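Here is a short briefing on one protein chain. Keep the sequence and the 3D view open as you read.

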Amino acid sequence: MVFSWRRKKAAREKLFKVQELVIPNQFLCPISLDLMKDPVTLSSGITYDRESIETWLEGGNFTCPVTNQVLRSFDQIPNHNLRKMIQDWGVANRNYGVERIPTPRVPVLGAQVSEVLFSLEDSTTRLNGVGCLELVQKIKKWGNESERNRRCIVANGAISVFAAAFDSFARDSFERNANVLEEILSAMNWMFPIFQRSLDAEARAHLGSQDSLRCLVWFLKSGDLSAKQDSMIALREIVSLDQKQVEALAAIEEVNEVLFRLIKNPICPAITKASLMVIFYLVSSPSSTSMKTRSSLVEMGLVSLLLEVTTDSERSTSEKALGVFDRLCDCEEGREEALRNALTCPVLVKKILRVSEMATQSSVSAIWKLSKHGKKHEENVLVEALQVGLFQKLVLLLQLGCGDETKEKTTELLKLMSPYRDGLECIDSVDFKNLKRSF
């Protein structure tokens, strides 16, 4: 306790010192008004912090923010003298809590990226694994240096070249090319968010090929933690792009078992969430392949497993598990398995208005589908749901507002439950204020 108090006191004293210190105006970026870490000078003669001025220029602005002059060029010349002065000032004032400002790395140029990507394409054509590995690692190193480098790499078409390389080496041999395939996956892992799911047709074709998909599944079975996570994220991105990729993945015989095992024996939250998303896409299609996938996963015991995941996991995972559960209730086998589980109604009702809007929609939809599974099952489901408080939650859901489809199902469920209560006039007696506090 004493040491903890001393640390907190030292942190407060350090904060007070930083607040007392006055930063020279010439060290401040005119845009962010923060201490510059990488000062660069524009053609207008004004110096800015590189990150701030790049954000300004990428926003479609063609003028100098201070002088409002149209820039003759967008070249950013590093101001080494000013940077050295800022670094010296930081060292001199380190007792005031000023952190050391490292010397920034020179940003990578588009021409450099294009040259390496051209060499990578050549190495891929010759299936030169060693040469390809070195080039991928070089690009990966550039990407790890700064966000600007990552955007530059992606803008020069790296993901298409990487996708083609992955497809070629996967077609050749999983085992023999495992190292280069892992490096490519690791690099593409940070490219996906920048690309924002706008992969071109060529990249989609390469990543969605049978060889690429089988390789990703192989990594999920045989790879280490890093390889599993990178493969799972890649699969999630691939199946979210096009229904063709979903059908191609579903055609791989062992994929259902691999995904089920990753959820049953969780390795890390990121893999569990991505696995649930991939399964969601696999079971959401109206195709015959999707129907077979649903039946296969239900037979493995996914329905009961999803209820456990929903109960024990944090909100984001629980939301995804409920979405998959709702889709499994589209098939007869899924509904029968759900009705045999004593946790189904209590868990679904409990998650309404407690996790997220999407989770509420999935829970209401699943209960609605279960109530439609024959007259006998309808009575059992509705009576049990009433006992665990479904009626009150649905009434509150209507008052708070929901989507049209959910509203329609909610209204129908309330009407179906009316014969098992003292009539719908009991809606007027519900204490909404107490319900809001409890939910």
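Helices are DSSP runs of H or I with at least four residues, numbered from the N terminus. The model shown here is predicted. By that way of counting, the protein chain has 24 helices and 3 strands.

**The whole chain**

- The protein chain has 439 residues, and 47% of them count as buried.
- Its exposed surface comes to about 22800 Å². Carbon and sulfur atoms supply 51% of that area.
- Take the contacts with a separation of 6 or more in the protein chain: 66% of them join residues 24 or more positions apart.

**Cysteines**

- A disulfide is a covalent bond between the sulfur atoms of two cysteines.
- How many disulfides does a search of the whole structure find? The count is 0.
- Cys64 is buried, at a relative accessible area of 0%.
- Cys132 is buried too, and its relative accessibility is 0%.

- Helix α4 covers residues 110-125, which makes 16 residues. From first C-alpha to last, α4 reaches 23 Å. That is close to the 22 Å expected at 1.5 Å a residue.
- Which residues of α4 are buried? They are Val113, Val116, Leu117, Leu120, Ser123 and Thr124. These residues sit on the same side of α4, because they cover an arc of only 115 degrees around the axis.
- An α-helix has 3.6 residues a turn, so residues three or four places apart point the same way.
- The other side of α4 has exposed residues: Ala111, Glu115, Phe118 and Thr125.
- What do the buried residues of α4 pack against? Their partners are α5 (129-145), α6 (147-155) and α7 (158-172).

**Positive phi angles**

- Leu127 follows α4 and lies in the loop between α4 and α5. Its phi is positive, about 55 degrees, although Leu127 is not a glycine. Leu127 has a relative accessible area of 38%, so it counts as partly exposed.
- Leu353 is not a glycine, yet its phi is positive, at about 65 degrees. Look for Leu353 in the loop between α19 and α20. Leu353 is partly exposed, with a relative accessible area of 21%.

**Gln245 in helix α12**

- Gln245 belongs to helix α12, which spans residues 243-250.
- Is Gln245 buried or exposed? Gln245 is buried, because its relative accessible area is 8% and the cut-off for buried is under 20%.
- The side chain of Gln245 comes to 3.5 Å from the backbone oxygen of Arg204.
- Leaving out residues up to four places away in sequence, Gln245 touches Arg204, Gly208, Leu213, Ile238 and Val239.

**Ser275 in helix α14**

- Ser275 is part of helix α14, residues 269-283.
- With 0% relative accessibility, Ser275 is buried.
- Which residues does Ser275 contact, leaving aside its neighbours within four places in sequence? The contacts are Met232, Leu259, Leu262 and Ile263.

- Val349 lies in helix α19, residues 344-351. Val349 is buried, at a relative accessible area of 1%.
- Beyond its neighbours within four places in sequence, Val349 is in contact with Ile367, Val388, Gly389, Leu390 and Lys393.
- Helix α22 runs over residues 390-400. Its buried residues are Leu390, Phe391, Lys393, Leu394, Val395, Leu396 and Leu397.
- Val349 and Ala385 are 36 residues apart in sequence. In space, their C-alpha atoms are 7.1 Å apart.

**Gln361 in helix α20**

- Gln361 is in helix α20, which covers residues 357-371.
- Gln361 has 27% relative accessibility, so it counts as partly exposed.
- How far apart are the C-alpha atoms of Gln361 and Glu405? They are separated by 8.6 Å, while the two residues are 44 residues apart along the chain.

Definitions and conventions
Residues numbered from 1 in each chain as written. Predicted model: local features only at pLDDT ≥ 70, side-chain atom pairs only at ≥ 80, totals over all residues. Heavy atoms only, no water. Disulfide = S-S within 2.5 Å. Buried < 20%, exposed > 50% of the residue type's maximum accessible area, 1.4 Å probe, protein only. Helix = DSSP H or I, 4+ residues; strand = E, 2+ residues; numbered from the N terminus. Expected span 1.5 Å × (residues − 1). Arc of directions from axis to C-beta. Contact = heavy atoms within 4.5 Å. Areas by Shrake-Rupley, 256 points an atom, 1.4 Å probe, with all protein chains shown as cover. Polar contact = N/O pair within 3.5 Å; in protein donor to acceptor, adjacent residues only side chain to side chain.
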